[in-house]
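Here is a short note to read alongside the model. Take the points in order, and find each residue in the viewer as you go.

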Amino acid sequence: MRKYAYTLSFLSFLILTGITFGPLVIPKNIIHPSILGMPRTLGAGLVMSMLMALLVFISAKYLPTNSGEKDSELK
Amino acid sequence: MSIWVVGALYLIGLAIASKMARDQQTDEATSFVLGGSNLNVFLGVLTYGATLFSTFTLMGMPNFFRVHGVGAWIFLGVTDVAMAYVVLVFGLKLRQRFKNKGYLNVSSFIKDQYTAKWTPTVYLLGIFLFLIPYTAVQLKGIGEFLEASIPGHFPMWGWASIMLVIILIYSSIGGFKAIVYSDAIQGILLLFTSWIIGYLCLKEFSSLENLFFALEKSQPKLLSVPGPNNLFTFQFLISSYLAIILMPMSQPQLTTRLLAMADDKKLRQMAASLAFFSIIIIFPAIFIGLAGALKYGEVAAPIFWAKTLITDRPELLGAFSVIGLLAAAMSTADSQLFALGNETHILFKNDPKKIKTHTKFIIAIFALLSLLFAVYAKGDLVPLARLSFAGTSLLAPMVFLPVWQHRKQHGPLLPLMTLMALLLFLSAYILKIIPSTVFHLRLDLALLLALFSVSLFCGKFQSKELHL
């Protein structure tokens, strides 16, 4: 379950990255439609950033530890 | 008047930080160079953030929005959140690799993981080449800014020397932990100052709609990519994205902070918090920069900074801006100098008892070198610093390979290719004696992709099993 949740969030992260660098977020010389009251690239970029941050949060929760090893303590 | 009061408060804060750090120190080497590896999430986020963002948050980013437009958010806002993902995944792997052997720096780790004994030299060459000029540019930039903002006191080199002396004092007293505490002070100061200035900039236009409406009428190119100067092209954005997200692997001052977290759970929480912190700290730059485009669109960057951050603001806020920038420059410079000092242990016979003395000595040498660079180097310095993150990203595959395949010892192919890539990068972007594109692809992007391909090839086919 833990690994499945992590894989899903990792794949979602890759897809979001792909969308961010595609025409939906960075179309050339296009300002409208505005998103969150901002020009398209800025508004969509902000939405992407927030979704990515959410995925980092989910991945941090579910990323499995290496082959069942305990968390490392560098002391 | 306010500036001296805020400056004195900042110095008192640094003195308290050094005292606290010294009180927590033990005789162990990790205590001085990694702060005992016991950072909590709050300190972890602030020290990583302060080391990463520096003066660029209050000066560079707003100016990017002012001159190149909204694509600046993709350039840095999106990439810094993505970097938090690399902090998480790479950081956990890195800690697993480091914990068994008790490595204190990246150069010792790669020395053990490659057959070629000269591999750490390539790594050290890469970081010296780009980090010393970067530190020097910070000192020079803030020195000149302070010379202009507080006239009649010190010249640029005087301010730069004062900053270095303060850094040397508190890093010698409290080691890495003192730097972490000073980063925390700076991070809070930077966040507080940039949000207030961002709010005041937006308030001048009453609302978000008014700001964007005015921009669309007068400078519409700022509201889309690639921007008025054609900077934010697809290739520029993607190569910057790759170079920036690799910084936890390629920049030792950031790698060290992943090792300094108390445990893996704290690292996970730190990575998640860093993602949100990045958005929060960069967000006000949008308003500072775009409002600046309307008010000060035609002026040079130093005039824009002086007006937006100081003269247009109430005296106390202007004082916080100046000291905030000073603190930001110092927190980046101290982390880089300390990381350079820590990485260079490998050049000495590793006597754990002498690590503390060596680090202090090497930091003092690098501080002096940075000051000399800041004072005497002319135009050549700026391109090296500007290209710092792209240049050091070429070192990332060499660090990535042994973290990914740690049970194998790797041959000389990747270090050799990395050395060649560094030379090609310098020839194209600094010396400008070869083209900076290959078949319509940016050279930095092509080199990075080539090095990662080589590292994957080496990991699969070129490495010998290590008998651990």
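**Notes on the two chains**

1. Start with chain A. It has two helices and zero strands. Keep in mind that this is a predicted model. Of the 75 residues in chain A, 45% are buried. Chain A exposes about 4200 Å², and carbon and sulfur atoms supply 70% of that area.

2. Next, the contacts within chain A. Take the pairs that are at least 6 residues apart in sequence. Among these contacts, 50% join residues at least 24 apart.

3. One peptide bond in chain A deserves a look. The bond from A:His32 to A:Pro33 is cis, and its omega is near 0 degrees. Where is A:Pro33 placed? A:Pro33 sits in the loop between helix H1 (2-20) and helix H2 (40-62) of chain A.

4. Now turn to chain B. Its secondary structure comes to 21 helices and four strands. Along its principal axes, the C-alpha trace of chain B spans about 65 × 55 × 45 Å.

5. How much of chain B is buried? Buried residues make up 62% of its 468 residues. Chain B exposes about 17800 Å².

6. Charges come next. Chain B has 35 positive and 22 negative charges.

7. Check the cysteines. A disulfide is a covalent bond between the sulfur atoms of two cysteines. The structure holds zero disulfides over all chains. B:Cys201 has 4% relative accessibility, which is under 20%, so it counts as buried. B:Cys458 is also at 4% relative accessibility and counts as buried.

8. Helix H12 of chain B covers residues 252-259. Is this helix mostly covered or mostly exposed? It is mostly covered, with eight of its eight residues buried. The buried residues of H12(B) are B:Pro252, B:Gln253, B:Leu254, B:Thr255, B:Thr256, B:Arg257, B:Leu258 and B:Leu259. Note that an arginine, B:Arg257, is among them.

9. Look next at B:Leu337. It belongs to helix H15 (residues 315-343) of chain B. Its relative accessibility is 0%, so B:Leu337 counts as buried. What does B:Leu337 touch, leaving aside its neighbours within four places in sequence? It is in contact with B:Thr135, B:Leu164, B:Ile167, B:Ile363, B:Phe366, B:Ala367 and B:Ser370. B:Leu337 can also be compared with B:Ile132. The two are 205 residues apart in sequence, but 8.1 Å apart in space, C-alpha to C-alpha.

10. B:His358 lies in helix H16 (residues 355-376) of chain B. Is B:His358 buried or exposed? It has 17% relative accessibility; buried means under 20%, so B:His358 counts as buried. B:His358 and B:Gly341 are 17 residues apart along the chain. Their C-alpha atoms are separated by 7.8 Å.

11. Chain B has a cis peptide bond to check as well. It joins B:Val225 and B:Pro226, with omega about 10 degrees. B:Pro226 is in the loop between helix H9 (208-218) and helix H10 (234-245) of chain B.

12. Finish with two backbone angles. B:Phe439 is not a glycine, yet it has a positive phi of about 45 degrees. B:Phe439 is found in the loop between strand S2 (437-438) and strand S3 (441-442) of chain B. Its relative accessible area is 80%, which is over 50%, so B:Phe439 is exposed. B:His440 is found in the loop between S2 and S3 of chain B too. B:His440 has a positive phi of about 70 degrees, although it is not a glycine. At 75% relative accessibility, B:His440 counts as exposed.

Note on methods:
Residues numbered from 1 in each chain as written. Chains lettered and ligands numbered in written order. Predicted model: local features only at pLDDT ≥ 70, side-chain atom pairs only at ≥ 80, totals over all residues. Heavy atoms only, no water. Buried < 20%, exposed > 50% of the residue type's maximum accessible area, 1.4 Å probe, protein only. Areas by Shrake-Rupley, 256 points an atom, 1.4 Å probe, with all protein chains shown as cover. Lys, Arg positive; Asp, Glu negative; His and termini not counted. Charge placed at Lys NZ, Arg CZ, Asp CG, Glu CD. Disulfide = S-S within 2.5 Å. Contact = heavy atoms within 4.5 Å.
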